[in-house]
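My entries are in the order in which I looked things up.

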Amino acid sequence: MAAEVKPIANTLHTPSEEHEELREQLMFDPRPREELNRMVLDSMTHTTPRYWTAVGVLTVLVLTLLLGMWGYLIFTGIGISGERRPNYWGIFIVTFVFWIGISHAGTFVSAILRVFKAEFRRPFTRAAELMTTFGLAAGALWPLIHLGRVWVFYWMIPYPNARWLWPNFRSPLVWDLLAITTYLLSSTIYLFLPLLPDLAMARDRTTGWRHAIYRALALGWRGTEAEWARLRKAISIFAFAIIPVMFSVHTIVSWDFAMGMVGGWNSTIFGPYFIIGAILSGVSAVITILVVLRATLKNMTYFIRPEHIDALGKLVLVFSMAWAYFFFNDYLVQWYGGHDVVRALLSFHASGPDAWIWYCMLLFNIVIPWLTLWNKKLRRTPWVMLVVTLLINVGMYFERYTIIPLTLGHQRMPFDWGEYSPRFPEISLALGSLCLFMLLYLLASRLIPMVPVWEVREGQEAHLVRKVGKTVVPTVSELD
Amino acid sequence: MAEQIKEQVNERWGMVIDMNLCTGCNACVTACAMENNIPWVGEDDAGYGRGIYWMRIQRYWEGEYPETTPSYQPVMCQQCGHAPCEPVCPVFATVHSEEEQINLQVYNRCIGTRYCANNCPYFARSFNWFDYSYQIPEPLNYYLNPNVTVRRRGVMEKCTFCVQRIHAGQEQAKAQGRAVRDGEVVPACAQACPADAIIFGDLSDPNSRVSQAARSQRSYTLLEALGTEPKVIYLKGEGTYGG
Amino acid sequence: MARRIIHLALFKEDQVDETAEALEALRGMGIVDRDISVISGTPFSEKMLGRPMTWTRVPIIAIAGAVVGFLVAAFLNFGTPLLYPIRVGGMALQTIPTSFVIFFELTMLGLLISTFIGVFVESISPSYGPAGYDPRISDGQIGVLFWAPPELDPKLHETLTGLGAEIIHGTETKKLWLF
């Protein structure tokens, strides 16, 4: 390390006066690795009565709202939902698209930001990756819930049936199955690989059942050069390969609609439009979760700071603008040159009985983020960001609602126009899947290190200050 | 492969519906329900929009009240040549039949994704929201047609051009060592139509009644611009009988 | 070979330079790179420590998996429609545009799963360098594990402790995984 550059790690406990403002940043506020380990382990083992109450309540809700209602649905029939001709798809598919969208954030944050070496990603890659995995778990339930005969769902899996008939590989639903399986498996592995050193850390510092779990999962990690090199290689293969997979997943979800002959769906821009929407809702959800983690998980105020929420807030603003651009593109082209059916549909969205959904979508996805996220002070205020990001996700849910039932109900044969309103079983299942997501997240927050300690430490070692003229500026050296 | 298939194909079933003759009496809808074991879903569900119809009479009102005239149009599965419902099914539950050149629904293979119903621009498909077959009270179950599957809950169903009648006609002709005669195969709706507005037959035979009717200047198909190549051809009505 | 005593020199978190020097010194004493292994809690590249490049078969396994995935996709796309030909929507039996989707997904699935399998298999395979571990490694300390002939002992001590290392002899090879 060059002489004029001063590694902060050497001056752990002596912050110099002039660098004081830099210490607001996690990377310039280093603590010994031992302390970081202790803080993370502490956050995993520290449980309050409030935590157990939340776990208990969520478990009961998952058992009743989700599993109980699903059982009832299976035994009686899809008829208990509000679906009817011509709205054959409703809340089931809306919620499916919503969760798959949420699941895009983890990969976006930890793969794209990793590839572009965005340093602010370091403390929350794990939190975002977990969101991907659990979002997919909650989302992958929905195509099953939706099926008329879920007990034969495996007929979609590529293997020949008793008459040697294979599934139809020209159906977007089979593509969906393949894409979601690929994404679920690869994002789970992508969660697991950078976890290895942290699992080894937890293995060295725990006893009893925790030690047994971590020992099994850490695969005998010692931290040898070969292990690090292999891990780095595997992570970089994943970071580059999982990005196109992520793009393909939501593109294929959009193709479920765009491949159809339904007016308003058959649009060439649906692929990128859905991806941008997914990233918008996903990154917003990451902020929501970070704010909640910061407030509830022990020691997280050290790891997750306003600077991180600020940086993600900028991304949300950018994606909100991109979403508006794609939305307008889709809208104007359909309005100007589209068939009568699409024009009628667009005025139905804006002035039909459910027009409030369409206006709320625009308000939450465009107006509110554009008005608030310009402001650095607001971006650094956790509760403001919590409200804004929750509203964005409500807006994105409304977007999918507009695209699915509100479009299906207004097609080419006016005789078959129809309205859709969800019934209690569907709402119960949707809330149940939200509870499932929160429950999985709550449990995981106490089981696996929520902060990738080694990545934070690597970042802190890579960050230095350099004197330029009369001031000091942060620099980052590339350690890999 | 393609040549083999071509050799097998000798008939192309089609239908002509003369809107000048249709009075909107719903006899075809009733006959269809009886022939094809179409379940009665109950008052509440039917009112909610879950009625199962393989064909229905679309009724539109024309003109301003009180000078209104109804217009009726029987619509069923149009048996598209390029059916949008077919490729989207993940399990090949709805397929193009090479034999009859119609669009078939395989109930036992259907898993109920309802994608086909969304993708049908004619809304010709109905879904079994509940197990309606259990709701038939005891002596009434004798009305069920043994030639047609009784559908269970969670599967899609639609008009088949009474494929069971097509097969019966073909088998009878084969047993007597002759070709199927024009007018020999009649689906339930055509049989029941008191005005003879529905003509059914082989479109590949230029002399059949249906082919002659299809060549009328009044003929059109529904949503022709979509390129679905329907096998149901309508003859435009002149508003004389409300048709 | 396994009888040989393994020495572990532990350096503090920020003593990367000293570690590199220590490695240089060990090599100077005639200990070859094969008999040395560095373990650390944060990743250091081989270049930083002046060590020979490590190699891994993970990329090759990953590419092999991708090829398998591609071949499976080819079969599903173009093979299965021939096994049971069914016409849908006026399309050909084997459609090229839709095949790209299947090719992409299954190639990626093969690539990513086999990457993981590569990491997994290499992780649980026995390594040939000196084994040994100390929980302080995951606290960020840097450990140098090596085999050395007994006659070098005094010289080792002098050099390594001079660089600020803590030396543990015969570090126990604790069971770190299931077997």
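The entries below concern a predicted model.

**Confidence**

I began with chain A and found a mean pLDDT of 91, with 96% of its residues at 70 or more.

**Chain contacts**

Next I looked up where chain A meets chain C. The contact draws on 50 residues of chain A and 54 residues of chain C. On the chain A side, the elements that give two or more residues are helix 1 (33–45), helix 6 (172–192), helix 7 (196–204), helix 8 (208–217), helix 9 (225–258) and helix 19 (453–462). Helix 9 of chain A supplies the largest share of that side, 14 residues. By residue class, I have the side of chain A that touches chain C down as 27 nonpolar, nine polar and 14 charged.

I then turned to chains B and C. Here 11 residues come from chain B and seven residues from chain C. The chain B side divides into six nonpolar, three polar and two charged residues.

**Domains of chain C**

Chain C is divided into domain 1 (6–52 + 132–169) and domain 2 (58–124). I noted 46 Å between the C-alpha centres of domain 1 and domain 2 of chain C.

**Cores**

Which residues touch the most other members of the largest nonpolar core? Out of its 214 residues, they are A:Ala105, A:Met131, A:Val283, A:Val286, A:Leu290, B:Ile17 and B:Ile198. Helix 10 (residues 270–296) of chain A gives the most to this core, with 16 residues. A second, separate core has 26 residues, including C:Ala9, C:Val38, C:Ile39 and C:Val144.

I followed up B:Ile17. Apart from neighbours within four places in sequence, B:Ile17 is in contact with B:Cys22, B:Pro74, B:Ala197, B:Ile198, B:Val232, B:Tyr234 and B:Leu235.

**A sheet in chain B**

I traced an open sheet of four strands in chain B, with the order 8-1-10-9 and mixed pairing. Strand 8 (198–202) and strand 9 (219–220) of chain B are its edges, each pairing on one side only. Strand 1 (residues 13–18) of chain B runs antiparallel to strand 8, and the two pair over five bridges. B:Met15 stands opposite B:Phe200 in strand 8 of chain B.

For reference, most residues other than glycine have a negative phi, and most peptide bonds are trans. I listed the exceptions I looked up.

- A:Arg85 and A:Pro86 are joined by a cis peptide bond, with omega about 0°. A:Pro86 sits in the loop between helix 2 (49–76) and helix 3 (91–102) of chain A.
- B:Tyr65 and B:Pro66 are also joined by a cis peptide bond, with omega about 5°. B:Pro66 is in the loop between strand 2 (55–62) and strand 3 (69–76) of chain B.
- B:Phe161, not a glycine, has a positive phi of about 60°. B:Phe161 lies in the loop between strand 7 (156–157) and helix 5 (163–175) of chain B.
- B:Leu223, not a glycine either, has a positive phi of about 45°. Its place is the loop between strand 9 and strand 10 (232–235) of chain B.

Is B:Phe161 buried or exposed? B:Phe161 counts as buried because it has 27 C-beta neighbours inside 10 Å.

How values were computed: Residues are numbered from 1 along each chain as its sequence is written. Chains are lettered from A and ligands numbered from 1 in the order in which they are written. This is a predicted model: local features need pLDDT of at least 70, side-chain atom pairs count only at pLDDT 80 or more; totals for chains, interfaces and linings use all residues. Two strands pair if DSSP finds at least two bridges between them. Two residues are in contact if their C-beta atoms, placed from the backbone, lie within 7 Å. Ala, Val, Leu, Ile, Met, Phe, Trp, Tyr, Cys and Pro count as nonpolar, Asp, Glu, Lys and Arg as charged, and the others, Gly among them, as polar. pLDDT is the predictor's confidence in each residue, from 0 to 100. Domain bounds come from an automatic or database domain assignment. A nonpolar core is a set of buried Ala, Val, Leu, Ile, Met, Phe, Trp, Tyr and Cys residues joined through C-beta atoms within 7 Å. A residue is buried if 20 or more other C-beta atoms lie within 10 Å of its own, exposed if 12 or fewer, and partly exposed in between; C-beta atoms are placed from the backbone.
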